[in-house]
Amino acid sequence: MNARADHEPVVLVTGFEPFAGAPVNPSGELVRRLTELGHPDCRIVGEVLPVSFDRAAGLLAAAIDVHDPDIVIALGLAESRHAITPERIAINLADARIADNDGTQPRDAEIEHGGPAARFTGLPVKAIAHALDAAGIPSDVSLTAGSYVCNHVFYQLMGLAATRPGLRAGFIHVPATPQLGGSPQFTLDELERGIRIAITTTLSTRDDADLPGGSTH
């Protein structure tokens, strides 16, 4: 599992299919683009997950078993956000404002019965946000991945990572692209560039940057 000098790091990138009637989901489009174009510093493998409380985490676990990655970066859509937002915390709560693509709509439910209230990312989220900002791409560290399928996958991903020594994993939300309308809008090219920077930063950074962060509210 641990990257060695003679081992090309394997980075598993996941995203989601469209949901809530949208024509596209940029997180899934990014997975397709990144796996097709590759990255000079690692081997990228990808998985587009269903927007499903019941199925997504199982497919993610299967992809981890198949590819044995060194790093997992799970992506999801946060349509109203104005930046690429690496997530810091997943919470043990599924509370869906809308039904998922299977018609499932949990309310105030534990993701893992008796599991910890929260699990923290294994990615250098402050370093990623700093690198994105330095490249002119808006970015903020986020303290909430919500309570929908993104958080559900993030929480279970971090539980899986805890059982696989050396695996570094976490979740990043991306904002909307023009196909989704509204505002803000980021082109897929901009988002791809941002996630490439996130991958490069994670590959080169073991300990997170000692920078101000958090939130005042």
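In strand E3, Ile-71, Ile-73, Leu-75 and Leu-77 point one way, while Val-72, Ala-74 and Gly-76 point the other way, and all are buried. Buried means under 20% relative accessible area, exposed means over 50%, and partly exposed lies in between (1.4 Å probe, protein chains only). Seven of the seven residues of E3 are buried, so the strand is mostly covered. Strands (E, at least two residues) and helices (H or I, at least four) are DSSP runs, numbered from the N terminus.

The model is predicted: local features need pLDDT of at least 70, side-chain atom pairs count only at pLDDT 80 or more, and totals for chains, interfaces and linings use all residues. Residues are numbered from 1 along each chain as its sequence is written, and side-chain values use heavy atoms, with hydrogens and water left out.

**The sheet**

Strands of a sheet pair through backbone hydrogen bonds, either parallel or antiparallel. Here two strands count as paired if DSSP finds at least two bridges between them. Five strands form an open sheet with mixed pairing, in the order E2-E1-E3-E7-E4. Strand E2 (43-49) and strand E4 (85-86) stand at the edges with a single partner strand each, so one side of each has no neighbour in the sheet.

E3 (residues 71-77) runs parallel to strand E7 (residues 168-174), and seven bridges join the two. Ile-73 stands opposite Gly-170 in E7, and Leu-75 stands opposite Ile-172 in E7. E3 also pairs with E1 in the parallel sense, over four bridges. Ala-74 in E3 is the bridge partner of Thr-14.

**The helices over the sheet**

Angles are taken between N-to-C directions and run from 0 to 180 degrees; the axes are lines fitted to C-alpha atoms, for helices over the stretch in contact. Contact means heavy atoms within 4.5 Å. Helix H2 (residues 56-67) lies across strand E1 (10-16), E2 and E3, at about 160 degrees to E1. Helix H4 (residues 149-162) lies across E1, E2, E3 and E7, at about 165 degrees to E7.

The table gives the span of each helix from its first C-alpha to its last. The expected span is 1.5 Å times one less than the number of residues.

| Helix | Residues | Span | Expected span |
|---|---|---|---|
| H2 | 12 residues | 17 Å | 16 Å |
| H4 | 14 residues | 20 Å | 20 Å |

Which residues of H2 are buried? They are Ala-56, Ala-57, Leu-60, Ala-63 and Ile-64. They cover an arc of only 115 degrees around the axis, which puts them on the same side of H2; the arc is that of the directions from the helix axis to the C-beta atoms. An α-helix has 3.6 residues a turn, so residues three or four places apart point the same way. The cover over the buried residues of H2 includes E1, E2, E3 and H4. Asp-65 and Val-66, on the other side of H2, are exposed.

In H4, 11 of the 14 residues are buried, so the helix is largely enclosed by the rest of the structure. Among them are Val-149, His-152, Phe-154, Tyr-155 and Met-158.

**The cysteines**

Cys-150 is also among the buried residues of H4, with a relative accessible area of 11%. Cys-42 is buried too, at 3%. How many disulfides does the structure hold? It holds zero, where a disulfide is a pair of cysteine sulfur atoms within 2.5 Å.

**The loops**

Is Asp-108 buried or exposed? Asp-108 is exposed, at a relative accessible area of 62%.

Glu-17 sits in the loop between E1 and helix H1 (26-37) and is partly exposed, at 25%. Glu-17 and Pro-50 are 33 residues apart in sequence, yet 5.6 Å apart in space, C-alpha to C-alpha. Leaving out residues up to four places away in sequence, Glu-17 touches Asn-25, Val-48, Leu-49, Pro-50, Val-51 and Asn-101.
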